[in-house]
Amino acid sequence: MSAFDHNPSSSVATSVLIVEDSAIQAIMLERILLAEGYEVLLAKNGSEGLEMTRTLKPDIVISDINMPNMNGFELCRHIKQDLALQDIPVILLTSLTDVKDVIKGLECRADNFLTKPYDTSDLLLRIKYMLLSRDMYKDMSEKTGVPVFFSGEKYFINSDKQHILSLLLSIYETAVQNNNTLLEMQERIRGTNEKLERMVAERTEELSKEVTEHKEAEQKILKMNIELENRVAERTTQLQLSLSDLEKARDMAEQATKTKSEFLASMSHEIRTPMNAIIGLSHLAQKTDLTDKQRDYVSKIQGAGKHLLGIINDILDFSKIEAGKIDIESIDFPLEKVLDNVANLINEKAVEKGLELVFDIDKSVPKNLIGDPTRLSQAIVNYANNAVKFTDQGVIKVIIKLIERINDDVFIYFAVNDTGIGLTPEQIDRLFQSFQQADSSTTRQYGGTGLGLVIAKKLAQLMHGDVGVESEPGKGSTFWFTAHLGVAKNMPDFQMPQPDLRGRRILVVDDVESAREVMQELLESMSFHTQAVSSGQDALVAIQRASEQNTPFDIAFIDWKMPEMDGIETAKRIAEIKIAAKPKLVMVTAYDASEIQNHTQHLGLDKVLVKPVQASQLFDMVMRVLSDRTIHKHQHEQPSSSQEEQLKSLSGGRILLVEDNELNQQVAGEILSDAGLLVDIADNGEIAVRMAQESPYDVILMDMQMPVMDGITATREIKKIARLCAIPILAMTANAMQVDRDNCSEAGMVDFISKPIDPDALWRVLLKWCKPSAPLVERAQAEIEAPPAHQAAPAEIAPPPTADIALAAVLAKPAPTPVAQATKSNQLPSNIEGLNVVAGLRPILST
């Protein structure tokens, strides 16, 4: 067997120390040697390799040259200078990029070189050779060094001949291998060159053809450029000729837009004027003595008129949105105000169909926001109107949740959930499009233009939100929209009860689960302990059990309309329970509170809460019941007095109604007179300016479109007179476009009342602006005491007249000369047989 066939695995494992700073190179060498049965030791640098060589004495060392701390030459020199280690063979790994590495290897007495990249078989062969020949070095004594010259420099080789011969042979072997490699590469390069030459020749021929083709193409392009330039010149001439046509078309489009706006404004005015008469006169007619059949007819006329007005408003809103005429306000407002408006507009319709309106407001939603409350309310109302329209039984739930809050910016989810007919996926795809409903049969059965959802979508987009619907046929629908709003900081927030009232126990009795859950959540957020039951019988059991456990309820909120045992019967049964501490009872209803009070007076139950229940209303009711004291309202809440009581403050106020339409004069005049206001009428703006200077008025109601002088001009003329500047002038007009409101505001009008006149809206505005300067009796006395301008003062001063004398004097006083033929007088009648006007007015005017 040849010595080179030696297998280290056949005897004791030979140890090999690998000194390599490259982890990848070290691992590759380690895997090769382990596969051959060698024991492998690893060192990261020369210093670590020298220490391991001294302690472990490996059979052979393989070292890289370039390493930190100590390179391969230094490591080899230290090993060969150590008598205990000098017999260990050292193989250096090199790239032979510098021929001086050979001299350095000889100087440090390296035993062999291995050139990178190395062949695995060559590596193993070198190791075996070094292991077999290492004994040859043991008996050789050191010889005198040999001086040599290399590259013009002198070196001193202190190696024996065997070392030099072995090293040179290894270098020669490497050179031969490299030479063979170079020859192979030269052959490959030669073949590649021949291939490239062929490719260049072929490509040269192709390029020659392409050049010829390019020259031909250039000629064609030049020809086409000339033709194109001729066409451009012709087209330029045509465009210049048509420029005037485009300008005319632009002018026509602008004129068409203006005409459309003017048409909408005109149609709005023309439609609203008779609508004002229809709705106003039907309102007045309902206040007269009518038979049941007549009252039914009038009620239906008024309902149809309001429905038609809703359609008109939708069309106008849609037109304004399409024309980009709607802007979103950014003002501070309480969310509860928006919900109050929704409740006022929706609750009555819901009650008429036997539906319950519920507000489910997440407690994380801020109570005070910054945005456009009118448009927010409009979007919710549009959804809620649809919900009422398409639901025959169950609950209409308004849901508000907080999606995200970043500092003072909130992203809020608004939804209206119903238990109505639901929608199919095909029907949903047709929603939120102009003049579209679910299908034609829906339109025939339920009516409507389909604009409500479109308007809600546009408003949501203006508030940087989106819309959507979730529905299944027969399982109801949830229409939602989102909006980005701000959080208002300088507004009063919800109050907490006094510490001694917190933790009180409250029972909620309601058969509607959603209404029950909402009220329970509101009460718990106010720090009260609550329990909710779904029937009157369960309420009796809960109250009895709470008394037995000595944890009685302080208050019981009882829904009126419940199956089996309604709220009235439940209250009676609670009164009959023999327990020490009975809860105070509050009746909750979605119906008119006055209706239920007739049933509860004999029970001593004078507290009624009207649904949908809002947080502040619920809080105030609990505080009144628990503390028996008046709770101050938040600044944004309306006073608790009824509208009829509020209107008493207007009695005796003088109003100048400026209106050219006789029907509108009659409607507005009678509505105002019913509230005890004294009304003078002017047929146009010119007459109004004259009358405002001749008589004192508390408020002027001004129409916009009138003959002789319109309302805008009349307002400006009145505002020019210093002593009349303080009189509030309110626009009361059928012109409902935003530009009309802007014009009224610029002219000096302080508020806007749209026709047809909504009495409730009219009273809200008048209560805000009308502050009667003196009661009617004082005015009567003033008129009696003040002598006419052409008479001298009396010689003796008569005693002040009594109220009866003053009234009689006013009634007996002849009517003043009309300002114009159309000017109306408000003199009280005094010649009606059997009617004592003075006696009749005395209790009113003395209040």
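A disulfide is taken here as a pair of cysteine sulfur atoms within 2.5 Å, and a search of the whole structure finds zero of them. The model is a predicted one, in which local features need pLDDT of at least 70 and side-chain atom pairs count only at pLDDT 80 or more, while totals for chains, interfaces and linings use all residues. Residues are numbered from 1 along each chain as its sequence is written, and side-chain values use heavy atoms, with hydrogens and water left out.

Cys-76 is buried at 0% relative accessibility, where buried means under 20% relative accessible area, exposed over 50%, and partly exposed in between (1.4 Å probe, protein chains only). Cys-770 is buried too, at 3%.

Turning to the overall fold, the protein has 26 helices and 24 strands, assigned as DSSP runs (H or I, at least four residues, for helices; E, at least two, for strands) and numbered from the N terminus. Of its 847 residues, 42% count as buried.

Ten of the 13 residues are buried, so H17 is largely enclosed by the rest of the structure. Among the buried residues are Leu-618, Phe-619 and Met-621. The buried residues of H17 pack against several elements, including helix H8 (335-352), helix H13 (513-525) and strand E18 (584-589), with contact meaning heavy atoms within 4.5 Å.

The whole structure contains 17 salt bridges, each defined by a side-chain nitrogen of Lys or Arg within 4 Å of a carboxyl oxygen of Asp or Glu. In one of these, Asp-408 pairs with Lys-489, with the closest N and O atoms 2.9 Å apart. This pair links distant parts of the chain, 81 residues apart: Asp-408 sits in the loop between strands E11 (395-406) and E12 (409-417), and Lys-489 in the loop between strand E14 (477-487) and E15. Asp-408 is partly exposed at 30% relative accessibility, whereas Lys-489 is exposed at 61%. Elsewhere, Glu-356, Asp-510, Asp-559 and Lys-611 are joined in a network of salt bridges.
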